[in-house]
Amino acid sequence: MITSELFSEAMGELDPKYVTEILEYQPKKPKAVFVKYVALAAVLCLVVAAAVWANWDNGLSVDESTFPIGTEYEDDTVDAVDLPMLTISLGDSGMGFEGYWVYDISDLVSGNPWNEDMELSTLPVYQNVISYDDYHVPLSGVDYDKMSELLYDVAGRLGLDTEALEMTDDAYSEEQKQIVIEKYDGSGYDIPDSYFDATRYMCETDDYEIEVNTYLTVVVTFKSPVSVPDEIGDDPYALAEYFLKEYSELICMENPSISIDGGDRSIDGEQSFSISFYETTGDDTENILSYNFKKVRFTCNSDGDLWLVRFFNVDLSDKIGDYPIITADEATEMLAEGKYLTSAPVEFPGTEYIGKVELIYRTGAYEENFIPYYRFYVEIDPGYGDSFYTSGLTTYAAYYVPAIAEEYISDLTVWDGALTDWKSA
């Protein structure tokens, strides 16, 4: 399954400065999170497409000088004058397809706390504290102190002696820097100084490898994967309960909520799920933010053994403001008008093909801003991909509509379904 979460995860784990690494160093590949009956080979193929798709510059830029004047809302707490306009900007081209293959839309499950009965008038929008150049090299905003703090915090939760740990990084040596500088000499690319900075801090023990990246995602790899009791079987909910009991100190949440996401199928009909936990405070907005930005995700390998734990800690310190949001019904109207984002190879076929909708934040590392979207699961031509068609599976594609009130979007750019052609609504 290629979800927006997996896109974000893939982007958070890719190390852009090694794309052109002349020393032939290869960063670790992003790994999906599935229970033991996942068809691993098929998943890896989809992750490659997801990583490419997520490379699009699909963030938001803020025009601080333009504001929606004269807009009135029933909620008196909303002050339109204090909120800058937002512009959605997308890349010129891309590849990959966020698709789901199911026998029925009910196959897809989610731990998303959002539901249509929530009475939400606003949701926060945040600016990504890290800025990048056109080659996804961090230019500013990387918090190395926070990276170190998180690394040692997670190590402490594992019961390790943090004072005895030796932290290393992946910064370039002087010799490596000179090789890269010589390679790019005359290329027209002005290499920023930050190109050579560390993108990961790491430490290692006999049992674990721990690393944290500039996006503040901490990854714990078990050198010897931990066996899961056979009696748990293939039930992801039972597996989540087991992890919650056995690793409560590592999860370190006062009121953790289990999130089982996924359920789409491989070509042979097997389902795959991800298992995560997020803090539940009782406040709808905070729960939504925790679900999208602050998860702890457990990964089993193809044998069903615990192999990796990933901690998401997206920096939300740069809040732009609380924006009025539209309802799912209003978003459906915008979708029908062609105001959407998608990686699907076809135009939106019609509202009668909508299977379900949920509200999520797009959280990729290269998002310029983090805003909420409605994600629509839409049935498309079942003949898309002959192998899936012959296996009797239905294809659903993801179509995104910004949840922010349209009055605050200065230019909504939408994709018309072609792989390289974008247009403005």
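Among contacts between residues at least 6 apart in sequence, what percentage join residues at least 24 apart? The value is 70% in this protein, where contact means heavy atoms within 4.5 Å.

**Before you start**

This is a predicted model: local features need pLDDT of at least 70, side-chain atom pairs count only at pLDDT 80 or more, and totals for chains, interfaces and linings use all residues. Residues are numbered from 1 along each chain as its sequence is written, and side-chain values use heavy atoms, with hydrogens and water left out.

Colour by secondary structure. The protein has 9 helices and 23 strands. These are DSSP runs numbered from the N terminus: helices are H or I with at least four residues, strands are E with at least two. Of the 425 residues, 54% count as buried. Buried means under 20% relative accessible area, exposed over 50%, partly exposed in between (1.4 Å probe, protein chains only).

**Stop 1: helix 3**

Select residues 144-157. The 14 residues of this helix should span 20 Å at 1.5 Å a residue, and its end C-alpha atoms are 20 Å apart, which agrees. The expected span is 1.5 Å times one less than the number of residues.

Now show Met 147, Ser 148, Leu 150, Leu 151, Val 154 and Ala 155, the buried residues of helix 3. Seen down the helix axis, they fall within an arc of 165°, so they line one face. The arc is that of the directions from the axis to the C-beta atoms. Their cover includes strand 8 (200-204), strand 9 (208-213), strand 10 (218-226), helix 6 (248-251) and strand 14 (306-311).

Check both ends. At the start, a side-chain oxygen of Asp 143 comes to within 3.3 Å of the backbone nitrogen of Asp 145. Just after the helix, Gly 159 has a positive phi of about 85°.

**Stop 2**

Select residues 99-102, which form strand 3. Gly 99 and Trp 101 are buried on one side, Tyr 100 and Val 102 on the other, and both faces are covered. In a regular strand the side chains alternate between the two faces of the sheet.

Trp 101 stands opposite Thr 395. Their side chains are joined by a polar contact of 3.2 Å. Such a contact is a pair of N or O atoms within 3.5 Å; within protein, one must be able to donate a hydrogen and the other to accept it, and residues adjacent in sequence count only if both atoms are side-chain atoms. Thr 395 is buried, at a relative accessible area of 0%.

**Stop 3: the cores**

Show Ile 210, Phe 243, Phe 298, Tyr 374, Phe 376, Tyr 399 and Ile 404. Within the largest nonpolar core, of 98 residues, these touch the most other members. Strand 20 gives the most to this core, with 6 residues. A second, separate core of 8 residues includes Val 137, Val 180, Tyr 189 and Tyr 195. A nonpolar core is a set of buried Ala, Val, Leu, Ile, Met, Phe, Trp, Tyr and Cys residues joined through side-chain atoms within 4.5 Å.

**Stop 4**

Select strands 15, 4 and 18. They form an open sheet in the order 15-4-18, with antiparallel pairing. Strand 15 (319-324) and strand 18 (369-370) are the edges, each pairing on one side only. Strand 4 (residues 122-127) meets strand 15 through 5 bridges. Tyr 126 stands opposite Lys 319 there.

Notes
Pairing = 2+ DSSP bridges.
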